[in-house]
Amino acid sequence: MSRSLAAIIGQVSQATRRMPMAEWNWSEGVALYGLVSLWKTNQDEALLQYLKTWIDDQLTQGRVFETVNATAPCFSLIELYVASGEPRYADMIKSRTNFLLHRAERLDNGAFEHTLVETNFGGQMWVDTLFMAGLFLVKAGLLFEDRAAVEEGLHQYFLHVRHLQQANGLYYHGWDERKNGPIGCLWARGNAWAAIVSAELLVLLPETEPARKEIKEILARQLAGLSHYQDMSGLWTTVIDDPNTYLETSAAAGIAYAVKRALRFGNVDEAYAAMADRAARAALAHVDWEGVFRGVSAGTGVQKHAGEYHVIAQNRAEGYGQGLLLMLLAAMLAESSGSLEDGNSAHPAV
């Protein structure tokens, strides 16, 4: 028996909120981003209340980590501030912006070093940072009319693109300044992070922003590359150009979301709609009856070769997997309703 889109949304949303999201960290941040994306689309106040309770509990515990990767929950903090107007949320957003602008670890070229709560990766930039921190700077800068934050967010975007995007449009997982070259592989979920950021920037930035044209070209190059490697199932292998690695689901959800967002606002060629639909169908086929997204690879550091990516576990429920799926579900709901809600209330016009 098949499920309706509404039924899947309800199951995935409930499963995500049942997860033990214990700390202010990147996985929790992506899960919250998904819940907020859904709330922006369906206006379910229970989702907003969950977000407020989670953030307030974290603030009470005083465990808001200052790292690049742990910036991810601040996306939802922006939405909570816009919805509530509470000054303490604004203060936190500005504090995190100040950290990224002035205190975050950087490579010699100015790119953010990929720092986690648990460890640092000296001299390395990772594609993940585009989503975890760079996009936040643009959103926060637009909200508070802080041009320095917007420019730094765009600067980080173009630095990462310049070092990680290859001639075929796809992104390496990382770059090491000591080796002066890319590290890892053409990792699928990393490509989802990059595609999402390009699509989101094109929604956020005003039409007068000069960077828009180049971002569109960057996204178009990437989607052309992704279309070449999509498996007949609709998924991508976890190392995109190595068919001997396993098919992975969270990348498909993220890529489908990015394409649907870009299509919704006229920022990418309609020819990619079929690719996004195949990826979306494949992702939804891996949602179990409890609302858990299966086939999601575990947290993945930069590995030395494709074989090391191939042995990363993919049998656990992951907050970031749920978040990426919720983002896709929100985009599909908007698509089915004909809504042009942009899901990004940090735009100064709001």
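This is a predicted model: local features need pLDDT of at least 70, side-chain atom pairs count only at pLDDT 80 or more; totals for chains, interfaces and linings use all residues.
Select residues 124-126 and 181-183, which are strands E1 and E3. These are the edge strands, and each pairs on one side only. The three strands form an open sheet in the order E1-E2-E3, with antiparallel pairing. From one strand to the next, the twist averages 30 degrees. Strands of a sheet pair through backbone hydrogen bonds. To look at one pair of bridge partners, select Met-125 and then Trp-175 in E2.

**The helix across the sheet.** Select residues 147-164, helix H7. This helix lies across E1 and E2 and runs at about 100 degrees to E1.

**Salt bridges.** The structure holds 18 salt bridges. Which residue forms a salt bridge with Arg-103? Select Glu-66: the closest N and O atoms of this pair are 2.7 Å apart. The pair links distant parts of the chain, 37 residues apart. Arg-103 is in the loop between helix H5 and E1, while Glu-66 is in the loop between helices H3 and H4. Arg-103 is partly exposed at 42% relative accessibility, and Glu-66 is partly exposed at 38%.

Next, select Asp-176 and Arg-178, whose side chains meet in a salt bridge (3.1 Å, N to O). Is Asp-176 buried or exposed? Asp-176 is buried, because its relative accessible area of 3% falls under 20%. Arg-178 is exposed, at 62%.

Within it, the closest N and O atoms of Glu-86 and Arg-88 are 3.1 Å apart.

Note on methods:
Residues are numbered from 1 along each chain as its sequence is written. Side-chain values use heavy atoms; hydrogens and water are left out. Two strands pair if DSSP finds at least two bridges between them. Helices (H or I, at least four residues) and strands (E, at least two) are DSSP runs, numbered from the N terminus. Axes are lines fitted to C-alpha atoms, for helices over the stretch in contact, and angles run from 0 to 180 degrees between N-to-C directions. Contact means heavy atoms within 4.5 Å. A salt bridge is a side-chain nitrogen of Lys or Arg within 4 Å of a carboxyl oxygen of Asp or Glu. Buried means under 20% relative accessible area, exposed over 50%, partly exposed in between (1.4 Å probe, protein chains only).
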